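This briefing is for a reader who is opening the structure for the first time. Please look through the sequence and the model before going on to the points below.

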Amino acid sequence: MSARSSRGGSQAVNSQAIAPNAAAEAPRPARARWREFCALALRFWVGETRRRAWTLTGLVALCIALQLGAQLSINEWNRKFFDALASKNVEALSWATILLPALVAFSGLAISGTLVARMTLQMRWREWLTEKLAGWWLEDQRYYRLEIAAAEQTSPEYRISKDVQLAVEPLVEFAVGFLTALATALAFVGVLWTVGGALELNLFGARLVLPGYLGFAAVVYAPIAGGLAYFAGRPLVPAVAQKNEAEAQFLAELTRLKENAESIALIRGDADELSSVLQNYRRVVAAWIRQIHRNGVIATVQSANGALTPLIPLVLVAPKYLSGALTLGAVMQLTAAFVSVQIAFNWFIDNSVRVAEWMASANRVDELAEALESLDVAVIMEEKEFIDFGVSDDDTIHLEDLAVAHRNGRIVIAGANVVIPTGEKLLVSGPSGTGKSTLIRALAGLWPWGSGRILLPKDAHIAFVPQKPYVPLGTLRQAMLYSISDKEITDDMIEGAMRRCGLGYLVKHLDEEQRWDQMLSGGERQRTAFVRLLLERPQIIIMDEATSALDEESQVSMLRLFNEDLAGATVISVGHRVGMEDFHDKKLVLERRAAGAHITSRKLQKSLWHLFDDAAPY
């Protein structure tokens, strides 16, 4: 499967379908990012949304045609009005005055229609692309794997929420502007050619005739002004890109600060964080200053062009007006037509800044798309292998010659062979840094880097319980039922699970919408995760320090669930705290070695205290 065909697919590419050395067979060519962005974004016109896309596009084109018709009508009105004014024709002036409101209303409706159609197209296109990228990012844990495998792709949320907008909306405006400018230029060059006629000159006794000279002058002048604007604005593209990247990094720094506010406050890291934030913002200021300087150069070109444009046609038509070949109305019509042609041809001048901003945002969106695409086709892995995930034929979990690697290729855990029967409670332990959390992430399917095989029971329902359980926005009921979508859960079931997990005092708040992620303590969040387990009843439970925020008595109460309510579930957990072994059947110990941690296993015996404690009421 090619990189192109995988983009935006609904399913991740099976890593096993790609040879380990596939990415190393040939160097990947550099991407022309704005073209790659367009290739992705223009699928709006060929997919399921093509009918809506083409309908809106046709509506925009119709409004542009009506707008051009209004401009030509007003241009013709100028000639008739000023001719009537010059000849003091009261009747003609009256008719022109009566006609003007209708022309203005027609022009206003055409412009309004173009605006509404354009903005609707922008909104629908952005909606489609946002859904495409957000779905791609959130599907198959790419949001998680992207942080590991492509950490340089900072702020994917900013690229989806803001850069998509900055890449889509200007592109529609550019397309509308280009079509409008082209149609306007062709129409008013025709006016200059026909109304302006030919210019006759006597040079050294020779008679020289220049047909359509005003149209020729407009066509010659516009590229000169446009060329100057292009070369003045060209350095703006990298300046805008650097500014946007600096802004994104600054936002990421502030987000990181907010997410770690408690840890920073506890260790009094305010001064260091302020220094880091200000250093990041100085990069933003420097990037803005570079862009401001380029904007100043462009403004100079724009100012000079704005001053010259209305004067040039007056100078060119003055000889014919003085000779009587042109009326005052024709002069005003030709001047307005010349200005309209210049406005049309100077479209790049007026939009050079936005073109630069668009290219910078399009580049950032394509960088995200490339990173997501690379995850799918395993480009990031270079020559490294993948863990093979399969289905066991005996309803047990098998680790066969499993080696777990860091994303840079360093082996974290060497070849392991472990069989975990159904219902077994397995405790994973070992010194810090030996790869315990990495191992359980591999078991959960979140860590594909390494080799060997992981075989899981067919259609097994797996629940992963992290150290800091996620609490979504919304009501407390939504927090308790988060990720549980395929079961009918009654209020009695929710209340019973909450009371069983020590959260009975929160039952009365079930339907209250609060920032529960901030209101619940670390221990309460971990109890919430156990409530979900009781409601979900998974076949396999994988936990990473899931009781670390609980006191010893609360930990015992939660771990009893695995011997009682969840006795049939297979449990694989990481933990160091005293008393954990009493609730597990076997222990896997990771021993640090130079070639990767080695796994040994031993059967656990429940302590005498645990046997008595099990018999005690709770």
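Predicted model: local features only at pLDDT ≥ 70, side-chain atom pairs only at ≥ 80, totals over all residues.

Which residue in strand 13 is the bridge partner of Val428? The partner is Leu588.

- An open sheet is formed by six strands, with mixed pairing, and their order is 8-11-12-6-13-14.
- Strand 8 (462-465) and strand 14 (598-603) are the edge strands, and each of them pairs on one side only.
- From one strand to the next, the twist averages 15°.
- Within this order, strand 6 stands beside strand 13; strand 6 covers residues 425-429 and strand 13 covers residues 586-591.
- These two strands run parallel and are paired over four bridges.

**The nonpolar surface patch**

- Helix 3 (residues 50-86) supplies the largest share of the patch, namely three residues.
- Phe106 is placed in helix 4 (residues 90-138).
- The relative accessibility of Phe106 is 35%, so this residue counts as partly exposed, a class that lies between the limits of 20% and 50%.

**Cysteines**

- The number of disulfides is zero, where a disulfide would need a pair of cysteine sulfur atoms within 2.5 Å.
- Cys38 counts as buried because its relative accessibility is 15%.
- Cys63 has a relative accessible area of 9% and is therefore buried.

**Loop residues with positive phi**

- Ser483 is a residue other than glycine with a positive phi, near 75°.
- Its place is the loop between helix 15 (476-480) and helix 16 (491-500).
- Ser483 counts as exposed because its relative accessibility is 54%, and the class of exposed residues starts over 50%.
- Glu545, also a residue other than glycine, has a positive phi near 50°.
- The loop that holds Glu545 runs between strand 11 (540-544) and helix 19 (552-559).
- Is Glu545 buried or exposed? With a relative accessible area of 17%, Glu545 is buried, since buried means under 20%.

How values were computed
Residues numbered from 1 in each chain as written. Heavy atoms only, no water. Buried < 20%, exposed > 50% of the residue type's maximum accessible area, 1.4 Å probe, protein only. Pairing = 2+ DSSP bridges. Axes fitted to C-alpha atoms, helices over the stretch in contact; angles between N-to-C directions.
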